[in-house]
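Colleague: Could you take me through this model, starting with its overall build and then going into the sheet and the helices?

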Amino acid sequence: MRECALGVDIGATKIAAGLVDATGQVLAHHTTSTPAGDPEAVFRSVVELIRQLSESVSSPDVRIRGLGVGTAGQVDVHTGAVRSATPNLRGWGGVPLAQRLRAELAMPVRIDNDGNVALLAEVWAGAAKGHMDAVGLTLGTGIGGGVLTHGHLLHGTWGGAGELGHVCVNFHGPRCTCGSTGCMEVYASGRGLVDRLRERLTTRPMDASAVVQAYVRHHGPEGITTALILEWAQAGDPLARETWEEALTALALGVINLIHVFNPTVVVVGGGVAAANPYLVSQLAERVSRLGMASLVEPVRIEAARFGALSGVIGAAALILQPETGFSEQHGKGRLW
């Protein structure tokens, strides 16, 4: 009998579901777009994906032990409810997700924040395997994160720990969606990179290269993407390079803060922004070693995440298959809602 779990990753733009075995291998997976601004449609999409996946892999040799879910937003790990949504997933706050999924699907369910489950995937079978103290950062539309300390995910009082993208790296910086200023997310996330370059193009349009100026004339600033910024920066555009250098410094300062606070042995960096720049990890490691407190930062490995777009699915399944890592005893080790 092959022991497996279903893992679901709910993000602002897509929902992914997969069947994962006890070694962390994804046996099958499906993806759909996230319905914008409609929490009930998001819920129905999750249920439909799970049912499709269950039907496609129906086999007497497979035993599905339960469902793990990683979702954008803040999650109450005691109740499995989404306590607060993010601006990227409007209306999702307040949804009693574990309760509704358990009633709908009649199986054990665990829910956690998407940044936590992304780290959990890497701890289970990826770049942080074998580490008892680790920090994970996911650089996507926003910045998610998670912290492993003494072999357990750090949840805080109810699950709000690990909002790492909102570490402040410049208190004179731009306003963040969280209400604060100068968060790491406003510089080094996909949305942050685009916003910062658009600001520079508004105030200094003639400093841009001819290629960038031509693109903006034809597509407008709303057509700018993270991938284009990285492409332009590598090609030598002054404003794109300045934007990327600022993002890299902000990210390094944020990582240094996290190392100083949590004293990990590894920092794992993933997400779309990291995947788009193969030099990010080496550039970040050099800057961290140069700017941080040597006794704390020098022993720390900075690693690229290994699972890419499937990290959320694998980490969500790990909530079921590796419960001793996902939930410490004081936060309900072994408990299924």
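The questions and answers below go from the whole chain to its parts.

Colleague: How many helices and strands does the protein have, and how compact is it?

Modeller: This is a predicted model. Its secondary structure comes to 13 helices and 12 strands. The globule rule gives 20 Å for 337 residues and the radius of gyration is close to that, so the protein is as compact as a globular protein of that length. The radius of gyration is 20 Å.

Colleague: Which strands stand at the edges of the five-stranded sheet?

Modeller: The sheet is open, its pairing is mixed, and its order is S10-S9-S8-S11-S12. A strand with a single partner has one side left without a neighbour in the sheet, and this is so for the two edge strands. They are S10 (152-153) and S12 (301-304).

Colleague: Which residue in S10 stands opposite Thr 149?

Modeller: Strand S9 covers residues 143-149 and runs antiparallel to S10. Two bridges join S9 and S10. The residue opposite Thr 149 is His 152.

Colleague: What angle does helix H3 make with S9?

Modeller: Helix H3 (residues 114-125) packs on the sheet. It touches S8 (134-139), S9, S10 and S11 (266-270). The direction of H3 makes an angle with that of S9 of about 50°.

Colleague: Which strands does H10 lie across, and at what angle does it run to S12?

Modeller: Helix H10 covers residues 280-291. It lies across S8, S11 and S12. Its angle to S12 is about 165°.

Colleague: Is the crossing of H8 and H10 left-handed or right-handed?

Modeller: The axes of H8 (residues 238-262) and H10 come within 9 Å and cross at roughly 60°. That angle makes H8 oblique to H10. The crossing is right-handed.

Colleague: How many nonpolar, polar and charged residues are in the contact of H8 with H10?

Modeller: From H8 the contact includes Trp 244, Leu 248, Leu 251 and Ile 259. From H10 it includes Leu 280, Leu 284, Val 288 and Leu 291. Among the other residues that meet there are Glu 245 in H8 and Arg 287 in H10. By class, the count is 12 nonpolar, two polar and two charged residues.

Colleague: Which residue in the hairpin of S5 and S6 takes a positive phi?

Modeller: Three bridges join S5 (residues 74-76) to S6 (residues 81-84), and the two run antiparallel. Asp 76 has Ala 81 in S6 as its bridge partner. The hairpin has four residues between the strands, and the residue with a positive phi, near 75°, is Gly 80.

Terms used:
Residues numbered from 1 in each chain as written. Predicted model: local features only at pLDDT ≥ 70, side-chain atom pairs only at ≥ 80, totals over all residues. Heavy atoms only, no water. Pairing = 2+ DSSP bridges. Contact = heavy atoms within 4.5 Å. Axes fitted to C-alpha atoms, helices over the stretch in contact; angles between N-to-C directions. Parallel < 35°, antiparallel > 145°, perpendicular 65-115°, else oblique. Left-handed = near helix turned anticlockwise from the far one by under 90°. Nonpolar A, V, L, I, M, F, W, Y, C, P; charged D, E, K, R; others polar. Rg over C-alpha atoms; globule rule 2.2 N^0.38 Å.
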